[in-house]
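These are my notebook entries on one chain.

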Amino acid sequence: SFRCMLVRAMAEDTFRPHGRSEVGADALKSHGRTWAEEILTYETAKRRPNLSNEDGGPPVRVTRGAVKEQERVFDPVNQRYREPATEYRQRLREEENRVTHLNRAMDVQLLREQPFNVVTNATKLEGLDFPGEGNADKPMHGRQRFPDTFIDYNIVSNKGFHEHHWAHPDDRPQPSAREPR
């Protein structure tokens, strides 16, 4: 009967009058003995959060004055902090984040795009430690560049790349020796 269930629940300490309970992080991490206890703990934690202090004292009261004081820290019209030191620290933090983001974006751009400016044909790698056109004297390590085409002649002029190519004559690809079929 209901009376037996109520007595059993009070003995197991799972019944709390008026739905009040003190649920902390330890209660959420620990598993109940039964599925019903875990559901009750989960429901209590979600519906009735624990607003007490860490030492188990009464709930923290937030007054209108404290909220207004926190709102006065930032000026919404000028979009600035009222305290100059806070504004200065925030500007420095924003500048560091902006520079970091722009540097990362430039690195990605250099990796994905052509290493030269398509309008002026000037190299983008001048002064950087990237192997390639900007640093022709440094050898490239790793995989060789995949060829643009599998034929060894210019399809417009029908001349070999050793005669008709955009690169300097010393840097042009040399024809590979082919065996006749």
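This is a predicted model: local features need pLDDT of at least 70, side-chain atom pairs count only at pLDDT 80 or more; totals for chains, interfaces and linings use all residues.

Entry 1, terms and basis. I take contact to mean heavy atoms within 4.5 Å. Helices (H or I, at least four residues) and strands (E, at least two) are DSSP runs, numbered from the N terminus. Residues are numbered from 1 along each chain as its sequence is written, and side-chain values use heavy atoms, with hydrogens and water left out.

Entry 2, overall layout. I find five helices and two strands in the chain. Along the sequence they follow the pattern α-α-α-α-β-β-α. Among contacts with a separation of 6 or more, 11% join residues 24 or more positions apart. I call a residue buried under 20% relative accessible area, exposed over 50%, and partly exposed in between (1.4 Å probe, protein chains only). By that scale 9% of the 181 residues are buried. Accessible areas come from the Shrake-Rupley method with a 1.4 Å probe, and for residues only the protein chains shown count as cover. The accessible surface of the chain is about 17,000 Å², and carbon and sulfur atoms hold 54% of this.

The 29 residues of α5 should span 42 Å, and its end C-alpha atoms are 42 Å apart, so the two values agree. Which residues of α5 are buried? They are Glu87, Gln90 and Leu110. The buried residues of α5 pack against β2 (80–81).

I pair rings of Phe, Tyr and Trp (its six-membered ring) if their centres lie within 6.5 Å; planes under 30 degrees apart are stacked, over 60 edge-to-face, and the rest tilted. This rule gives one aromatic pair. The ring centres of Phe74 and Tyr81 are 5.2 Å apart and their planes stand at 75°, so the pair is edge-to-face. Phe74 is partly exposed at 29% relative accessible area, and Tyr81 is partly exposed at 27%.

Entry 5, salt bridges. I count a salt bridge where a side-chain nitrogen of Lys or Arg lies within 4 Å of a carboxyl oxygen of Asp or Glu. The count is five. Lys68 and Glu71 form one of them, at 3.8 Å from N to O. Both residues lie in helix α4, three residues apart, about one turn of the helix. Lys68 is exposed at 53% relative accessibility, whereas Glu71 is partly exposed at 48%.

Asp75 and Arg82 form another salt bridge, at 3.7 Å from N to O. Is Asp75 buried or exposed? Asp75 is buried, with a relative accessible area of 13%, while Arg82 is partly exposed at 40%.

Lys124 forms a salt bridge with Glu113, with the closest N and O atoms 3.2 Å apart. Lys124 and Glu113 each lie in the segment after α5, so the pair ties together parts 11 residues apart in sequence.

I join nonpolar side chains (Val, Leu, Ile, Met, Phe, Trp, Tyr) within 5 Å, and like charges within 9 Å, into patches of residues with over 30% relative accessible area and no salt bridge. Val60, Val62 and Val67 form a nonpolar patch with about 260 Å² of accessible area together. Val62 lies in the loop between α3 (35–47) and α4 (64–71) and is exposed, at 65% relative accessible area.

Conventions:
The expected span of a helix is 1.5 Å times one less than its number of residues.
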